[in-house]
Amino acid sequence: MAQIFPRWTNQIPMLAPPIVGLVLVCVVFSVWYWFSPRHTDVGYAPHQPVPYSHKLHAGQLGMDCRYCHNNVEISAYAGVPPTQTCMNCHANVKKDSKLLKPVRDSWASGDPVPWVRIHKIADYAYFDHSAHLTRGVGCVSCHGRIDQMVVVRQQEPLNMEWCLDCHRNPAPALRPLDKITDMDWVASPEWTKEAQEKASKLQPPVVNCAGCHR
Ligand code: HEC
Ligand code: HEC
Ligand code: HEC
Ligand code: HEC
Ligand code: HEC
C-alpha cells in the first residue's frame, strides 16, 4: 500500500506537547501583560457615538467642568451630562450638524446618548469624587489636561499604587477650593506652605485597607 503521509509526520504526536506548551505560555504572558493596569487603561480612548470635544467646549469656549459634570462636588460620581445639557446650546447652535444627529435623536426619543465609559476602577475598590474635590484636589491631578483633549484619554493608571502615592503625600496635589476645575493654575510659594499645613490635618487612607475596600 502506498504511503500517504511522508515519514517525518510520525514525529508530530511527539512534537505537539512542547509546541502547545509554548503557545500556552505566550497566551498567558500576553493576557497578563495587556490586562495589567498600565496597559489596558492608560491611554484608553474609546470611540464615542458623538465626536464631542473637551478641547473645544472646556478649552476654547472656556466652559467650567461643572456645567456638565454638575454633581461632582456632592456625589461619589461625576456623571456624564444628560442630552438636555447639550441641547441648551445645540437647539440653536449648529442645529443641522450631521455630527450632532445622535444628540438630536436622543432628545427626540428620550434614550440617553450611549457614551462609552473610560475611567473605571474595580467594584471591590471605593472612590468618591466629592471627598477629593471638597479637600482641594483638582480634576487635573487625576485626569490630566482634559481641556486639551479632542478625545478623552485616560492619563493615570488608577491602580492602588497610584492612589497610595498621593495619599502618602497629598500636599502637592492641594489647591484653593475655587481652583479645582482650573486647568492652568500653578502653586505660588506662599500657597505651597499653606498646603503643607492643610495636608497635615488630612488623613487619606493608606494602611487602613477598609478605607477603600469596604
Ligand atoms: C459641555 C459639556 C462638558 C463639559 C463642559 C465638560 N465635559 Fe467632561 N464629558 C462630557 C461628555 C458628554 C463626556 C462623555 C463623552 C466623552 O468621554 O468625551 C465627558 C467625559 C468626561 C470624562 C471621561 C468620563 C469617563 O467615561 O471616564 C472626564 C474625566 C471628563 N469628562 C472630565 C471633564 C473635565 C475635567 C472638564 C473640565 C475641564 C470637563 N469634563 C468638561 C461633557 C462635558
Ligand atoms: C454653552 C453652549 C454649548 C453647550 C452646552 C454644548 N455645546 Fe457643543 N458646541 C458649542 C459651540 C459654540 C460649538 C462650535 C460651533 C461652531 O463651530 O461654530 C459646538 C460644537 C459642537 C460639535 C461640533 C459640531 C460641528 O458640526 O462641527 C459637537 C459634536 C458638539 N458641539 C457636541 C456637544 C455635546 C455632545 C454637548 C453636550 C454634552 C455639547 N456640544 C454642549 C456650544 C455648546
Ligand atoms: C483624586 C482623583 C480624581 C479627581 C480629583 C477627579 N477624578 Fe474623576 N475619576 C477618578 C477615578 C478614580 C474615576 C473612576 C471612578 C470609578 O470607577 O468609580 C473617575 C471617573 C470620572 C468620570 C466617569 C465616571 C463617573 O464618576 O461618572 C468622570 C466624568 C470624571 N471622573 C470627571 C471628573 C471631573 C469633572 C473632575 C473635577 C471636577 C474629576 N473627575 C476629579 C479620579 C478623580
Ligand atoms: C487609597 C485606597 C486604597 C487603599 C487604602 C487600599 N487599596 Fe487595595 N486597591 C485600591 C485600588 C484602587 C485597587 C485597584 C482597583 C482596580 O484595579 O481597578 C486596589 C487593588 C487591590 C487588590 C487587587 C490586586 C491589585 O493590586 O490590583 C488587593 C489584593 C488589594 N487592593 C488589597 C489591599 C490591602 C490588603 C490594603 C491594606 C493594606 C489595601 N488594598 C488598601 C485602593 C486601595
Ligand atoms: C492626587 C491625590 C489623590 C489621589 C490620586 C487619590 N486620592 Fe484619595 N484622597 C486624597 C485626599 C487629599 C483625601 C482627603 C483626606 C481627608 O479628608 O482627610 C482623600 C481621601 C480619600 C478617601 C476617604 C474619603 C472619605 O469619605 O473618608 C478615600 C476612600 C479615597 N481617598 C480613595 C481613593 C482612591 C480609591 C484613589 C485611587 C483610585 C484615590 N483616593 C486617589 C487625595 C488623593
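1. In this predicted model, a polar side-chain atom of His57 sits 2.8 Å from a nitrogen atom of ligand 2. His90 places a polar side-chain atom 2.7 Å from a nitrogen atom of ligand 2. Ser97 contributes a side-chain N or O atom that lies 2.6 Å from an oxygen atom of ligand 2. Two or more residues of the shell around ligand 2 come from each of helix H3 (54-60) and helix H5 (83-90).

2. The shell around ligand 2 counts 19 residues, and the nearest of them are His57, Cys86, Cys89, His90 and Ser97. H5 supplies the most, with 4 residues. Sorted by class, the shell around ligand 2 holds 14 nonpolar, 4 polar and 1 charged residues.

3. For ligand 5, a polar side-chain atom of Arg135 is 2.7 Å from an oxygen atom of the ligand. The side chain of His167 has an N or O atom 2.7 Å from a nitrogen atom of ligand 5. Helix H7 (129-133) and helix H9 (160-168) are the elements that give two or more residues to the shell around ligand 5.

4. Ligand 5 has 20 residues around it, of which His132, Arg135, Cys163, Cys166 and His167 come nearest. H9 gives the most to this shell, with 4 residues. The class count for the shell around ligand 5 is 14 nonpolar, 4 polar and 2 charged residues.

Definitions and conventions. Residues numbered from 1 in each chain as written. Chains lettered and ligands numbered in written order. Predicted model: local features only at pLDDT ≥ 70, side-chain atom pairs only at ≥ 80, totals over all residues. Heavy atoms only, no water. Near = heavy atom within 4 Å. Polar contact = N/O pair within 3.5 Å; in protein donor to acceptor, adjacent residues only side chain to side chain. Nonpolar A, V, L, I, M, F, W, Y, C, P; charged D, E, K, R; others polar.
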